[in-house]
Amino acid sequence: MIILLYILSIFTASLMGVLEALLFTNIYANKLWKTTFGFDVHIFFTVFRMFVFSPGSILIYLQNGLLPSALYSVSVLLMFSFFHNGFYYLGRKKLDGAYNGFTDTSRNTTAKNSFNFKKRTVLLIISILILSYT
């Protein structure tokens, strides 16, 4: 079940990347959000992602205990950037040519953490290694 939830999390992170590419094709969308709501959109994204990914961790906790749940949560956290950012950059390339594709890196993000492709790949590998211990 843990592997199935992990695969579902990969799909979800990828889908979030595509949807956010659609939302932010216009470079002024984040500025509009900030002037309308008074805070950076990444705060909303962080809270939203916590709600989306926490049910899997809770389910694993109820069935397998704290350690597998914690390992799964860390694994999903480390994997997220690889798929989300990759599909975001790929989506933006297709929509407005702003990026070069899956392996690109943001040059003007307001996110607190943004990793280049090499770091995202290393985090994905660590994620898979951690997942193998659950």
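pLDDT is the predictor's confidence in each residue, on a scale from 0 to 100. Over this chain it averages 90, and 97% of the residues score at least 70. Where pLDDT is low, predicted coordinates should not be read in detail.

The model is predicted: local features need pLDDT of at least 70, side-chain atom pairs count only at pLDDT 80 or more, and totals for chains, interfaces and linings use all residues. Residues are numbered from 1 along each chain as its sequence is written, and side-chain values use heavy atoms, with hydrogens and water left out. Helices (H or I, at least four residues) and strands (E, at least two) are DSSP runs, numbered from the N terminus.

**Helix H5**

H5 runs over residues 117–131. Its 15 residues should span 21 Å at 1.5 Å a residue, and its end C-alpha atoms are 21 Å apart, which agrees. The expected span is 1.5 Å times one less than the number of residues. Asparagine 116 caps the N-terminal end of H5, with a side-chain oxygen 3.2 Å from the backbone nitrogen of lysine 118.

Buried means under 20% relative accessible area, exposed over 50%, and partly exposed in between (1.4 Å probe, protein chains only). In H5 the buried residues are Arg120, Leu123, Leu124, Ser127, Ile130 and Leu131. They lie on the same side of H5 because they cover an arc of only 125° around the axis. The arc is taken from the directions from the helix axis to the C-beta atoms. Helix H1 (2–23) and helix H4 (66–96) are among what covers these buried residues.

Isoleucine 130 lies in H5. Its C-alpha atom is 9.9 Å from that of serine 73, 57 residues apart along the chain. Serine 132 sits in the segment after H5. It is exposed, with a relative accessible area of 53%. A polar atom of its side chain lies 2.5 Å from the backbone oxygen of leucine 129. Polar contacts are pairs of N or O atoms within 3.5 Å; within protein, one must be able to donate a hydrogen and the other to accept it, and residues adjacent in sequence count only if both atoms are side-chain atoms.

**Cores**

A nonpolar core is a set of buried Ala, Val, Leu, Ile, Met, Phe, Trp, Tyr and Cys residues joined through side-chain atoms within 4.5 Å. The largest has 15 residues, and Tyr6, Tyr72 and Met79 have the most contacts inside it. H1, helix H3 (41–64), H4 and H5 each supply at least two of its residues. H4 gives the largest share, 6 residues. Apart from this core lies another, of 8 residues, among them Val41, Phe45, Tyr88 and Tyr89.

**Contacts across the chain**

Threonine 12 and glutamate 20 are both in H1. Threonine 12 counts as buried at 19% relative accessibility, and glutamate 20 at 8%. The threonine 12 side chain reaches the backbone oxygen of leucine 8 at 2.8 Å.

| Residue | In contact with (within 4.5 Å) |
|---|---|
| Threonine 12 | Val52, Phe53 |
| Glutamate 20 | Phe45, Arg49, His84, Tyr88 |
| Methionine 79 | Tyr6, Ser9, Ile10, Ala13, Leu124, Ser127 |
| Isoleucine 130 | Leu71, Val74, Ser75, Leu78 |

Conventions: Contact = heavy atoms within 4.5 Å. Lists of a residue's contacts leave out its neighbours within four places in sequence.
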